[in-house]
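I opened this entry to look at how two chains meet. My notes follow in the order in which I looked things up.

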Amino acid sequence: MAGAVITSALVFKRAGRELMLKVRFFASLREGVGCDCIELRPEQAATVAEAIAALAERGPRWRELLLATNVLAAVNHEMVKPDHPLADGDELALFPPVTGG
Amino acid sequence: MDCIRVQRKAFSAAQEYAALSADAGDTGAVVLFVGKVRSDGEENPVVALELEHYPDMTERVLEQLVRQARERWQLGRVRLVHRVGRVALGEDIVLVAVSAPHRREAFAAAEYLMDKLKSVAPFWKKERRRDGAETWVAAKPSDEKAASRWDD
């Protein structure tokens with residue numbers, strides 16, 4: 001019985017990943033969530049979409065802003081799609097559609 | 001030779017033109033575009049814009065756009081200046097200046113850079129009205145259309 005439990009724990013550790021992200025918010029999104037930068041250590045977030053889903057779990061306001069409005073993403077200063085894979089140490093920036101010029 | 005700047009303080013279109021054209025014998029055409037803060041004619045009118053940007057990404061995106069313009073057209077020099085922070089009514093927000101041997105390339109590149117900048121450069125505008133009200137400007141579908149018409 002004990003042997004089976006130890007095996008399960010090892011399997012979980014191998015499957016898991018340490019991920020630390022710096023997440024930055026801009027413009028109306030920044031005002032809405034009330035901060036411009038946080039550190040995120042998502043338990044399971046392989047992609048940008050999954051990191052956003054993890055942030056949305058912080059509360060109804062987060063969920064409303066991140067999932068119901070049009071949110072664009074950049075990783076390490078390049079625009080990316082939601083399925084973009086994340087790496088430890090990445091800077092993820094989230095923001096509304098741009099309005100420069 | 002190209003000059004791409006993001007800055008808080010006002011710029012002079014005349015100075016940018018002078019810098020673009022100085023000692024440029026092969027330049028036959030210069031196209032210079034300036035975007036300004038305009039009044040919207042409302043009873044409680046816009047008095048200023050507040051421009052936010054993503055400092056580490058903005059210049060990089062603008063440089064990339066200029067590289068893409070150079071891949072498409074034969075150009076001389078390009079100067080691009082975009083303000084951030086508070087820009088008051090009547091003031092200049094952005095300048096795109098392009099020189100080229102011929103006018104077709106200068107016109108096309110200047111329009112391309114503006115259309116693309118409005119769609120991909122990480123700036124966000126907030127309108128300030130006379131009564132102190134502040135509203136974020138929403139991205140326009142027409143701007144997205146203008147940008148994508150340059151794509152194949």
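**His77 of chain A**

I began with His77(A), which lies in the loop between strand E3 (72-75) and E4 of chain A. The model is a predicted one, and I read every value below as computed from it.

I then listed the contacts of His77(A), leaving aside its neighbours within four places in sequence. Within chain A I noted Glu91(A). From chain B I noted Tyr54(B), Asp56(B), Met57(B) and Arg60(B). With Glu91(A), the side chain of His77(A) makes a polar contact, side chain to side chain, at 3.4 Å.

**The interface of A and B**

I found 20 residues of chain A in contact with 25 residues of chain B. The area buried between chain A and chain B is about 1,800 Å², and carbon and sulfur atoms give 56% of that area.

**Salt bridges and polar contacts**

I looked up the charged pairs next. Over all chains the count comes to 22 salt bridges, and four salt bridges are found across the interface of chain A and chain B.

I wrote down Glu78(A) with Arg60(B), a salt bridge whose closest N and O atoms are 2.4 Å apart. This pair crosses between chains, from strand E4 of chain A, where Glu78(A) sits, to helix H2 of chain B, which holds Arg60(B). Arg60(B) is also on my contact list for His77(A).

I also wrote down Lys126(B) with Glu31(A), whose side chains meet in a salt bridge at 2.6 Å, N to O.

Which elements of chain A supply at least two residues each to the side that touches chain B? I found helix H2 (27-33), strand E4 (78-80) and strand E5 (91-95). H2(A) gives the most to that side, with four residues. By class, I count nine nonpolar, six polar and five charged residues on the side of chain A that touches chain B.

**Two helices of chain B**

Last, I turned to helix H2 (residues 55-72) and helix H3 (residues 103-120) of chain B, which pack at an angle of about 145° with their axes 10 Å apart. H2(B) passes H3(B) in a right-handed crossing.

From H2(B) I listed Val61(B), Leu62(B), Leu65(B), Val66(B), Gln68(B), Ala69(B) and Arg72(B). These meet Tyr112(B), Leu113(B), Lys116(B), Leu117(B) and Val120(B) in H3(B). By class, the contact of H2(B) with H3(B) has nine nonpolar, one polar and two charged residues.

Technical notes: Residues are numbered from 1 along each chain as its sequence is written. Chains are lettered from A and ligands numbered from 1 in the order in which they are written. This is a predicted model: local features need pLDDT of at least 70, side-chain atom pairs count only at pLDDT 80 or more; totals for chains, interfaces and linings use all residues. Side-chain values use heavy atoms; hydrogens and water are left out. Axes are lines fitted to C-alpha atoms, for helices over the stretch in contact, and angles run from 0 to 180 degrees between N-to-C directions. A crossing is left-handed if the near helix is turned anticlockwise from the far one by less than a right angle, and right-handed if clockwise. Contact means heavy atoms within 4.5 Å. Ala, Val, Leu, Ile, Met, Phe, Trp, Tyr, Cys and Pro count as nonpolar, Asp, Glu, Lys and Arg as charged, and the others, Gly among them, as polar. Buried area is the accessible area (1.4 Å probe) that two parts lose on being put together, summed over both. A polar contact is a pair of N or O atoms within 3.5 Å; within protein, one must be able to donate a hydrogen and the other to accept it, and residues adjacent in sequence count only if both atoms are side-chain atoms.
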